[in-house]
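Hi,

Here is the structure I said I would pass on. Have a look at it first, and my notes on what turned up follow below.

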Amino acid sequence: MEKRVVFRSAWLPYALVAPQIAITLVFFFWPAAQALWYSFQLQDAFGLKTQFVGLQNFVTLFKDENYLASFRVTAVFSVLVAVIGLAAALVLALMADRVVRGAMGYKTLLIWPYAVAPAVAGVLYAFLFAPSIGIVTYALRRWFGIEWNWLLDGEQAMLLVVMAAVWNHVSYNFVFFLAGLQAIPRSLIEAAAIDGAGPARRFWTVVFPLLSPTTFFLLVINVVYAFFGTFGLIDATTQGGPGQDTQILVYKVYHDGVKAADLGGSSAQSVILMLIVIALTVAQFRFIERRVQY
Amino acid sequence: MRLKRMAAIMAAGMLCAPQAQAQIEIQWWHSMGGQLGESLNELANKFNAEQKDYRIVTSYKGSYPESMTAAIAAFRAGQAPHLLQVFEVGTATMMAAKGAVKPVYQLMKEQGEPFDPKAYLPTVTGYYSDPQGNMLSLPFNSSTALFYIDRNKFKQAGLKPEPPRTWKELIAAAEKMKAAGQTCVYTTGWPSWVHVENFSAWHNLPIGTKQNGMAGLDTQFTINSPAHVKHVEMLADMAKRGLFTYAGRTNQADSRFASGECAMATISAGALGNIIKTGKTDWQISVLPYHDDVKGAPQNSVIGGASLWVMSGRKPEEYKGVAKFMSFLSRPEVQMDWHMKTGYVPITLAAFELTKKSGFYDKNPGRDMAVRQLTNKAPTENSKGLRFGNFVQGRTVIEEELEAAFAGRKTAKAALDDAVKRGNEILRQFEAANK
């Protein structure tokens with residue numbers, strides 16, 4: 001027996017969803033359609049001369065090996081941000097969940113970093129790790145003998161932006177994991193304990209599977225964050241360098257479109273980026289969601 | 001002194017107040033933050049105080065690329081400002097935007113304002129003129145790359161505190177300082193501007209074909225010549241030996257020199273204010289080092305900084321005010337004031353002479369170095385400036401490749417070959433978009 005609430009009025013349901021649809025149309029579909037339209041054009045900065053060039057912007061991009069290299073950079077960056085971000089948040093949530101005394105204090109502190117805008121997080125990390133004056137740089141050189149100079153060392157630069165991105169987003173993940181943990185019935189865990197399962201076994205057989213909807217949701221969100229939400233952070237730290245070692249796709253879109261006023265090329269890149277994220281999200285829903293237990 | 005001036009301006013402002021309705025407002029978008037922004041507002045206030053028909057309204061629109069983007073967006077929406085400050089790398093983009101801008105020489109002629117391009121420094125004029133010698137924008141804040149040394153560091157290493165003149169001398173001094181325990185010996189700001197653009201002009205080498213792009217959009221980069229390769233090879237080698245510390249793509253080197261961390265630096269003339277304010281170095285300014293085996297070196301350096309562009313589509317009576325303001329800005333005493341306060345070069349020869357006469361250079365040795373370097377010799381086709389489309393992207397490409405060379409991931413030759421190849425693609429794109 002299915003329980004359904006049915007509106008009597010024919011137009012009321014449409015009226016109720018109309019604002020949402022209007023917002024989506026104006027703020028998502030309209031700009032997306034414009035990006036698509038511009039991506040087929042070659043335009044000077046002021047929009048005085050416009051030529052329709054078909055797929056030429058795309059051909060130019062895919063002939064550019066540096067653009068292709070930026071795919072690899074984006075993949076490395078996103079995987080690192082998502083995996084480290086989720087793992088760190090899960091560990092923190094598990095620990096915060098066990099704390100009895102002063103739990104509120106810990107939780108508040110762990111949620112704080114999310115209040116920091118990505119660009120500001122970038123500036124903070126750029127200062128802490130600045131090659132000459134950074135306090136962390138100094139400590140690394142003094143106690144570990146590590147020469148820290150991400151201005152020329154691409155791997156260190158990648159490490160820096162990954163750390164900043166993870167730090168900035170870990171709170172968001174933390175909140176969801178914590179809520180997920182608290183929703184797990186204690187009786188299940190206690191039953192497992194009575195059956196003789198140790199903490200590790202309890203985590204992998206009871207807690208983690210029950211967290212899987214949360215983890216899946218966060219995976220999607222984190223990948224989208226790594227793809228789109230991090231350009232401010234990159235702009236404030238490495239600006240894509242050294243060379244192009246931290247130039248992720250969205251940063252190149254920003255640089256070419258906003259800084260260099262190359263509208264056609266930038267639009268073509270955003271169309272490609274849009275397709276990638278759509279494909280990734282569809283793939284995540286089709287293949288990973290199957291393993292999610294709701 | 002300052003209070004008095006402010007009081008005068010305020011008094012003048014009150015006198016003008018009743019006629020405020022009749023005043024014509026002129027919008028000026030700029031990118032001068034902090035101290036520079038205050039100096040810029042003083043200029044506008046002074047103009048507003050001395051006449052009552054026009055009022056300059058300044059708005060800070062963020063960094064150079066940001067204010068340019070804002071103006072482009074405003075133009076597309078039909079709301080462009082009258083005056084826009086555009087950095088030198090945006091010159092080609094503005095110049096190609098016929099219909100969006102009103103050339104300054106044309107504006108001055110239409111409005112009957114006296115205007116003589118020969119009154120301006122030739123290197124400055126060259127940068128902002130079309131091939132026929134017509135000035136398209138009004139130079140405003142112009143700097144150039146200079147060579148700074150910290151005399152204390154030289155003394156500590158047992159060297160005579162004299163700026164090295166050639167790169168050979170610089171390396172010899174650097175080795176001694178390194179041996180004496182100096183960690184950061186030499187650094188540079190703006191790698192492309194200093195080590196490609198100014199390096200080329202200073203050694204009378206072309207940066208691109210077609211007079212560095214000034215004579216046509218079908219230009220190509222020529223920065224992989226043997227002399228360029230040799231120079232980048234030398235820098236990469238210095239980096240490997242710890243004699244050159246890379247500081248980043250913009251002005252990060254300024255503070256590393258000002259704080260006393262680095263002993264030598266090639267940075268902008270505009271960095272001086274900060275160095276004086278920090279007060280941690282016994283600084284001395286000199287002209288850029290050169291390679292004595294390159295014939296004709298040193299030639300003259302090229303400028304950096306920005307110029308003022310007049311946007312099209314405004315009423316004639318408003319343009320009258322713009323023209324009057326441009327005449328005001330070119331006055332020797334206004335220029336001298338701006339030059340002394342900011343460290344940017346005076347853009348007219350008369351202003352330079354006036355500053356000299358005032359005894360400013362005797363009291364502040366080295367402050368005339370930028371002008372002397374810019375006017376070292378009569379500029380050639382290779383040294384009067386450069387004009388490449390989408391050079392914001394072009395510079396990024398050059399900087400990426402230089403970083404690859406400095407980090408030892410590419411040879412200097414491979415890096416510069418790639419810079420030329422990638423840079424030319426950007427130029428072709430620009431050519432196609434502006435046919």
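One definition to begin with: a crossing of two helices is left-handed if the near helix is turned anticlockwise from the far one by less than a right angle, and right-handed if clockwise. Please keep in mind that this is a predicted model, where local features need pLDDT of at least 70 and side-chain atom pairs count only at pLDDT 80 or more, while totals for chains, interfaces and linings use all residues. Residues are numbered from 1 along each chain as its sequence is written, with chains lettered from A and ligands numbered from 1 in the order in which they are written.

Now the helix pair in chain A. The crossing of α3(A) and α9(A) is right-handed. Helices here are DSSP runs (H or I, at least four residues), as are strands (E, at least two), numbered from the N terminus. α3 covers residues 65–98 of chain A and α9 covers residues 199–228, and they pack at about 140° with axes 9 Å apart. The axes are lines fitted to C-alpha atoms, for helices over the stretch in contact, and angles run from 0 to 180 degrees between N-to-C directions. α3(A) and α9(A) are therefore oblique to each other (under 35 degrees is roughly parallel, over 145 roughly antiparallel, 65 to 115 roughly perpendicular, and the rest oblique). Among the residues making the contact are A:Phe77, A:Val81 and A:Leu86 of α3(A), and A:Leu218, A:Val223 and A:Phe227 of α9(A). Contact means C-beta atoms, placed from the backbone, within 7 Å. By class, this α3(A)–α9(A) contact has nine nonpolar, four polar and no charged residues. For the classes, Ala, Val, Leu, Ile, Met, Phe, Trp, Tyr, Cys and Pro are nonpolar, Asp, Glu, Lys and Arg are charged, and the others, Gly among them, are polar.

Next, the chain interface. On the chain A side, 23 residues are in contact with 28 of chain B. β1 (41–43) and α11 (249–259) of chain A are the elements that give two or more residues to that side, and α11(A) gives the most, with three. The chain A side divides into 10 nonpolar, eight polar and five charged residues.

B:Asn390 deserves a look. You will find B:Asn390 in the loop between α18 (369–374) and α19 (391–406) of chain B, with a positive phi of about 50° although it is not a glycine. Is B:Asn390 buried or exposed? B:Asn390 is buried, with 29 other C-beta atoms within 10 Å (20 or more is buried, 12 or fewer exposed, in between partly exposed, with C-beta atoms placed from the backbone). Its contacts include A:Ala260 and A:Asp262 from chain A, as well as B:Thr93 and B:Phe430. The C-alpha atoms of B:Asn390 and B:Ala92 are 7.4 Å apart, though 298 residues separate them along the chain.

A few backbone details to finish. A:Gln239, in the loop between α10 and α11 of chain A, has a positive phi near 50° and counts as partly exposed, with 19 C-beta neighbours inside 10 Å. A cis peptide bond joins A:Gly241 and A:Pro242, with omega about 0°. In chain B, the bond from B:Ala297 to B:Pro298 is cis, with omega near -5°, and B:Pro298 lies in the loop between β9 (283–286) and β10 (303–311).

Cheers

Terms used. Two residues are in contact if their C-beta atoms, placed from the backbone, lie within 7 Å. Lists of a residue's contacts leave out its neighbours within four places in sequence.
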